[in-house]
Amino acid sequence: MSWPLSYAEPVFRPPSEAGSLILQLTVGCSWNRCTYCGMYRMKQFRVRPVEEVVAEVRAVAPLSSRARRVFLGDGDALAAPPEVLEEVLQAVRDYLPWITRVGIYADSRAIRRRARELPRLRELGLGIVYFGAESGDDETLRSVLKGATVASQLEACRLVLESGLKLSVMVLLGLAGVEGSRRHAMATGRFLVEAAPTYAAALVVTPVPGTELGDAIAAGRFEEVDRWGSLQELAWMLESMEGYRGPFHANHASNWLPLKLRLPRDREPALDLLREALASRNQDLLVPAFSRGL
Ligand code: SF4
């Protein structure tokens with residue numbers, strides 16, 4: 001029997017959804033304008049016909065009794081109409097009753113648009129929303145064309161959590177370059193405290209050729225933070241995360257010094273380690289460039 005799910009490649013998912021069954025509910029990202037993001041540039045955003053997705057759920061059921069989680073892609077699947085989301089979640093419930101959690105990528109516009117429907121989606125099995133906030137600094141959000149403000153992103157976080165859903169927020173070290181480094185890092189730490197997501201992760205921005213950020217770097221208009229600069233940003237971020245409670249991970253393939261923390265318990269030891277690395281510039285503390293897996 002051949003695998004019944006078809007994908008418009010490339011397909012992305014959060015690292016924590018590595019073992020999940022991926023259903024491509026939408027293709028691409030409804031925004032697709034962030035200057036640093038090349039993930040969906042080649043895709044014209046569209047919502048797949050719901051009957052096609054439901055047929056895939058039905059067809060994959062006999063082959064996926066070991067799967068425990070489903071992830072709904074692509075970049076901003078929450079932008080699909082609510083009736084489509086409901087029908088797909090209901091199909092997962094009907095045909096894959098062993099699934100314990102459904103996850104989805106969403107940006108702040110989609111979350112705010114779906115505010116009223118979020119509790120119903122949770123009842124139907126949606127369990128976690130992954131949201132790339134990237135920065136808690138308005139100037140940085142403006143400069144990368146995120147199409148959102150700190151206030152609108154905080155509102156999106158509040159709406160998700162008030163619906164009883166788990167919220168995973170990603171932020172990007174290095175997004176404001178050398179020039180805005182400290183401002184971005186400190187504001188982002190404060191943003192995370194206020195947003196109080198279930199999980200938070202800090203990744204290092206990875207410029208992609210062909211994006212506006214990639215072009216700006218090539219033309220010398222944007223000075224990137226180097227590996228030590230990204231550690232410094234992480235230290236500034238942690239310094240401004242007084243009062244934050246919960247898991248905070250900086251152990252993605254892009255991170256130079258992988259940290260998997262539970263705050264507030266691990267905050268001071270992590271700051272000590274970062275300060276030691278910054279003072280010594282000891283390369284042995286870092287992941288070698290060749291094994292970063294990017
Ligand atoms: S909203 Fe997310 S997926 Fe869409 S362009 Fe921005 S970073 Fe990329």
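Me: How many bridges join strand E4 (residues 69–73) to E5?
Reply: This is a predicted model, in which local features need pLDDT of at least 70, side-chain atom pairs count only at pLDDT 80 or more, and totals for chains, interfaces and linings use all residues. Residues are numbered from 1 along each chain as its sequence is written. Helices (H or I, at least four residues) and strands (E, at least two) are DSSP runs numbered from the N terminus, and two strands pair if DSSP finds at least two bridges between them. E4 and E5 run parallel, and the number of bridges joining them is four.

Me: Which residue in E5 stands opposite Arg69?
Reply: Between these two strands, Leu72 has Ile104 in E5 as its bridge partner. The residue of E5 that stands opposite Arg69 is Arg101.

Me: In E4, what is the bridge partner of Leu21?
Reply: Strand E1 (residues 21–24) pairs with E4 in the parallel sense, over four bridges. Within E4, the bridge partner of Leu21 is Val70.

Me: Is the β-α-β unit of E4, helix H2 (residues 82–95) and E5 left-handed or right-handed?
Reply: A crossover is right-handed if, with the strands pointing away from the viewer, the path from the first strand over the helix to the second runs clockwise. The unit made by E4, H2 and E5 is right-handed.

Me: How many of the residues of E4 are buried?
Reply: A residue is buried if 20 or more other C-beta atoms, placed from the backbone, lie within 10 Å of its own, exposed if 12 or fewer do, and partly exposed in between. Strand E5 (residues 101–105) is mostly covered, with four of its five residues buried. E4 is likewise largely enclosed by the rest of the structure, since its buried residues number four of five.

Me: In E6, which residue is the bridge partner of Val102?
Reply: E5 also runs parallel to strand E6 (residues 126–134), and four bridges join the two. In E6, the residue that partners Val102 is Leu126.

Me: What is the radius of gyration of the protein?
Reply: The protein has 10 helices and 10 strands. For its 294 residues, the globule rule (2.2 Å times the number of residues to the power 0.38, with the radius taken over C-alpha atoms) gives 19 Å. The computed value is close to this, so the protein is as compact as a globular protein of that length, with a radius of gyration of 19 Å.

Me: Is Val160 buried or exposed?
Reply: Val160 is placed in helix H6 (residues 150–162). Leaving out residues up to four places away in sequence, Val160 touches Ile111, Leu118, Val129, Leu165 and Leu167, where contact means C-beta atoms, placed from the backbone, within 7 Å. With 28 C-beta neighbours inside 10 Å, Val160 counts as buried.

Me: How far apart in space are Ser240 and Ala187, C-alpha to C-alpha?
Reply: Ser240 lies in the loop between helix H9 (227–239) and strand E9 (246–250), and is partly exposed, with 19 other C-beta atoms within 10 Å. Beyond four places in sequence, Ser240 is in contact with Met186, Gly189 and Arg190. Ser240 and Ala187 are 53 residues apart in sequence, while their C-alpha separation is 7.7 Å.

Me: How many residues of the shell around the ligand are nonpolar?
Reply: The residues around the ligand, including Trp31, Arg33, Tyr40 and Asp107, are those with a C-beta atom, placed from the backbone, within 6 Å of it. Ala, Val, Leu, Ile, Met, Phe, Trp, Tyr, Cys and Pro count as nonpolar, Asp, Glu, Lys and Arg as charged, and the others, Gly among them, as polar. The shell holds three polar and three charged residues, and its nonpolar residues number six.

Conventions: Two residues are in contact if their C-beta atoms, placed from the backbone, lie within 7 Å.
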